[in-house]
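I opened this structure to take notes on its strands and on a few residues. Here is what I looked up.

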Amino acid sequence: MNAPITQGIFTPSWHAELELGYARDTDTTRPVMRRHKGPLRVQKHLYAEGPQVCQHIIVHPPGGIAGGDRLDIDIHLGENAWAQLTSPGAAKWYRAAGPALSLIHI
């Protein structure tokens with residue numbers, strides 16, 4: 001015989017923070033700060049449109065966002081810096097019983 005469940009069912013969630021900073025160096029925008037907590041990362045920066053625009057792809061390795069997840073992204077741009085970012089908002093969002101948040105501050 002199985003014992004009844006007396007506590008809530010465990011539902012894992014991801015809490016992640018990513019802070020990025022960019023600065024202008026002559027005619028090139030360069031990443032100058034990267035701090036993370038949890039499973040948010042950026043891939044190598046690219047300059048597909050030339051040195052003025054630093055491109056970063058933000059990845060969330062778990063592969064999707066579900067109930068209980070919270071992703072906080074803070075972007076700091078120096079004077080005349082130009083960064084182009086994609087975020088996990090372009091990834092999959094799964095339906096779940098609890099809320100999920102993705103907050104982006106620039």
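I start with a term: buried means under 20% relative accessible area, exposed means over 50%, and partly exposed lies in between (1.4 Å probe, protein chains only). I note that this is a predicted model, where local features need pLDDT of at least 70, side-chain atom pairs count only at pLDDT 80 or more, and totals for chains, interfaces and linings use all residues. Residues are numbered from 1 along each chain as its sequence is written, and side-chain values use heavy atoms, with hydrogens and water left out.

**Entry: the whole chain.** I looked up the strands and helices, which are DSSP runs numbered from the N terminus (helices H or I, at least four residues; strands E, at least two). The chain has nine strands and zero helices. Along the sequence the pattern reads β-β-β-β-β-β-β-β-β. Of the 106 residues in the chain, 26% are buried. The chain exposes about 7300 Å², and carbon and sulfur atoms supply 56% of that.

**Entry: contacts.** A contact means heavy atoms within 4.5 Å. I took the contacts between residues at least 6 apart in sequence; 57% of them join residues at least 24 apart.

**Entry: strand S1.** Two strands pair if DSSP finds at least two bridges between them. S1 covers residues 15-25, and nine bridges join S1 to S2, residues 28-37, in an antiparallel run. For Glu19, I found Asp74 as the bridge partner in S6.

**Entry: Asp72.** Is Asp72 buried or exposed? Asp72 is buried because its relative accessible area is 15%. Asp72 lies in strand S6. Leaving out residues up to four places away in sequence, Asp72 touches Ala16, Glu17, Leu18, Leu40 and Leu103.

**Entry: Trp14.** I found Trp14 in the segment before S1. Trp14 counts as partly exposed because its relative accessibility is 42%. Which residues does Trp14 touch, not counting residues up to four places away in sequence? I listed Pro39, His60, Pro62, Gly68, Asp69 and Arg70. Trp14 and Asp69 are 55 residues apart in sequence, yet 4.7 Å apart in space, C-alpha to C-alpha.

How values were computed. Areas by Shrake-Rupley, 256 points an atom, 1.4 Å probe, with all protein chains shown as cover.
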